[in-house]
Amino acid sequence: MNLFTADDHAFMARALQLAERGLETTSPNPRVGCVLVRDGRVVGEGWHEFAGGPHAEIVALREAGSAVQGATAYVTLEPCSHHGRTPPCADALVAAGVARVVAAMEDPNPKVAGNGLARLRAAGVQVASGLMAAQAEALNPGFAKRMRSGLPYVRVKSAMSLDGRTAMASGESKWITSEAARLDVQHLRARSCAIVTGVGTVLADDPAMTVRLPGHRRQPLRVVVDAQLRTPPAARILRGGALLATLTRDTDEALAAAGATLVPMPAKAGRVDLEALLRRLAEQEVNEVLVEAGAVLAGAFVSAGLVDELVIYLAPKLMGHGARGLFELPGLNTMAQALPLTISDVRAVGRDWRVTARVTSR
């Protein structure tokens, strides 16, 4: 059992703060922070900013220079031991003369999976892991889930009135929530690898589903669940490219010219098999999926047990009993069948409230 000091906790907390700076930029890589400490003083810091760029350990080593000799490295994720887009960080730490490495969590990537720590130990470096592991994994829920299960982390975002309605009976829904809440959604999009919506939403609202934050460089993959290829070539979501998950194997030159990539998917109960779609996205290194869809598709993800997290924006409005509901969840007829949730966070966003919850296993 590792015994960690108060200083160990403080320096790891700083490494986690650094890792969080990459929340919206590192995809598909994990968010990682590193702090180098010698004689109780920080000599180098770094975080992984974008895929293909230097890892957190390398940034910190460059900042520390020769002061790294005999230092302790606090890293939020086990240093890599394989050649990916960049060389192994474990080797770089050894070559730099680091005396001790404290990792918050072992890497769930089977290519690493303890090999990085083993390589450090073999080189005579003192190694410890498990410090603030839960906080480190919370920064990388999608990366961890994809490595362990072959599925991305799925987050469903919805906005509703105080009486649980998402649109008027006519379909009008702009805007239920305030500008502050809509800006908050931009950050959800920015941290996501892919945004999934349904063809019904495309036809009703013609959304772009892009990240519109100043200076943001990376756009998530946009995916439309469109079983019968009803997406019009002029749809805004196709500009810049989008994936259409469909049941047809037909080709459509107009859609292709507009930026669509048609991906035939297996059917389940006459609809696109959503789990198969998620596995396909995971194969493309998609860690976190944001579902922004209407009641039918959002409910289908929930009913299939594919949702990890719900993010509901609650507006101080009443829209009436004739307005549309939040999720279509057939088969729930008794209180015993109701889906239990665990609320993890509630906070004000402008004049609205944001409720974050997980579906609880029965």
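A salt bridge is a side-chain nitrogen of Lys or Arg within 4 Å of a carboxyl oxygen of Asp or Glu. This is a predicted model, in which local features need pLDDT of at least 70 and side-chain atom pairs count only at pLDDT 80 or more, while totals for chains, interfaces and linings use all residues. Residues are numbered from 1 along each chain as its sequence is written, and side-chain values use heavy atoms, with hydrogens and water left out.

**Salt bridges**

The structure holds 16 salt bridges. Three of them are listed here.

| Pair | Closest N and O atoms |
|---|---|
| Arginine 189 and glutamate 292 | 2.7 Å |
| Glutamate 288 and arginine 155 | 3.0 Å |

Helices (H or I, at least four residues) and strands (E, at least two) are DSSP runs, numbered from the N terminus. In the pair of glutamate 288 and arginine 155, glutamate 288 belongs to strand S14 (residues 288-291) and arginine 155 to strand S6, so the bridge ties together parts that are 133 residues apart in sequence. Glutamate 288 has 1% relative accessibility and counts as buried, where buried means under 20% relative accessible area, exposed over 50% and partly exposed in between (1.4 Å probe, protein chains only). Arginine 155, at 2%, is buried too.

Arg31, Arg155, Arg191, Glu288 and Glu309 are linked in a network of salt bridges.

**Helix H7**

Helix H7 covers residues 179-191. Among the buried residues of H7 are Ala181, Leu188, Arg189 and Arg191.

**The second largest pocket**

A pocket is an open set of points on a 1 Å grid over the protein atoms alone, where a 1.4 Å probe fits, with protein on both sides within 12 Å along at least five of seven lines; lining residues have an atom within 4 Å of a point. The second largest pocket has a volume of about 580 Å³, the space filled by probe spheres set on the points, which are joined across faces, edges and corners. Its lining has 20 residues, and Leu23, Arg155, Arg191, Glu309 and Arg354 lie nearest the centre. H7 gives the largest share of this lining, four residues.

Note on methods. Expected span 1.5 Å × (residues − 1).
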